[in-house]
Amino acid sequence: MKKIGLLAAVACAIVVSSCNNNTSTVDKNHDGDTTVGEHLDHSIETAEEHAAHLKADADKAVVDAEADMKKAQADLDAAVKSGDKKAQDAAQKALDDAKTAWEKTKDAAKAAGEAVEKGVNNAVDATKDAAHKTGKAIDNAAEKTADKAKEISNEAERKAKNVKEALEN
């Protein structure tokens with residue numbers, strides 16, 4: 001019976017400890033509590049990571065399109081050198097298509113980069129605004145609490161004074 005109880009206690013300890021480790025990526029100071037600031041920092045870092053991945057993908061697409069264009073140019077040069085008019089026409093069409101694709105890819109990558117940057121900046125601004133509003137709300141709550149505590153203290157002091165006066169009379 002003792003072995004079963006010990007086994008159950010160990011199992012419970014393992015389950016509880018595994019459930020409490022879910023904020024390790026956000027909890028920067030490892031105090032077990034995840035603050036609003038830590039959540040905000042994590043959100044900003046995640047947005048920046050996604051933006052970096054998107055930029056890398058766009059840059060790769062531009063490089064690939066440029067490589068295709070250079071290959072098409074090399075094919076055209078080879079067709080011109082060989083004197084094959086049919087191959088030259090096909091290579092010229094392939095080069096024109098590759099140039100168009102390269103320009104479109106560059107434009108799309110530029111637009112995507114600007115959109116991602118704008119999105120990240122908007123997210124950062126919104127996050128900062130939310131943090132600022134949260135800070136103001138906390139300040140207001142603290143101020144109201146202090147005012148209420150002062151009011152209660154004054155009321156208690158007044159009642160103590162009344163009791164003292166009543167005892168003196």
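Q: How many salt bridges does the structure hold?
A: The structure holds eight salt bridges. A salt bridge here is a side-chain nitrogen of Lys or Arg within 4 Å of a carboxyl oxygen of Asp or Glu.

Q: Before we go on, what kind of model is this?
A: This is a predicted model, in which local features need pLDDT of at least 70 and side-chain atom pairs count only at pLDDT 80 or more, while totals for chains, interfaces and linings use all residues. Residues are numbered from 1 along each chain as its sequence is written, and side-chain values use heavy atoms, with hydrogens and water left out.

Q: OK. What secondary structure does the protein chain have?
A: Three helices and zero strands, in the order α-α-α along the sequence. Both kinds of element are DSSP runs numbered from the N terminus: helices are H or I with at least four residues, strands are E with at least two.

Q: Back to the salt bridges. Which residue does Asp-75 pair with?
A: Asp-75 pairs with Lys-71, at 3.3 Å from N to O. Both residues lie in helix H2 (residues 36–82), four residues apart, or about one turn of the helix.

Q: And is Lys-71 buried or exposed?
A: Lys-71 counts as exposed, at 53% relative accessibility, whereas Asp-75 is partly exposed at 37%. Buried means under 20% relative accessible area, exposed over 50%, and partly exposed in between, with a 1.4 Å probe and protein chains only.

Q: What does Lys-85 form a salt bridge with?
A: With Asp-89, the closest N and O atoms being 3.9 Å apart. Lys-85 and Asp-89 are four residues apart in helix H3 (residues 85–168), so about one helical turn separates them. Lys-85 is exposed at 52%, and Asp-89 is partly exposed at 45%.

Q: How far apart are the closest N and O atoms of Glu-103 and Lys-106?
A: They are 3.6 Å apart, in another salt bridge. Glu-103 and Lys-106 sit three residues apart in helix H3, again about one helical turn. Glu-103 is partly exposed at 36%, and Lys-106 is partly exposed at 30%.

Q: New topic: what share of the protein chain is buried?
A: Buried residues make up 12% of its 169 residues. The accessible surface of the chain comes to about 13,100 Å², and 59% of that belongs to carbon and sulfur atoms. Accessible areas come from the Shrake-Rupley method with a 1.4 Å probe; for residues, only the protein chains shown count as cover.
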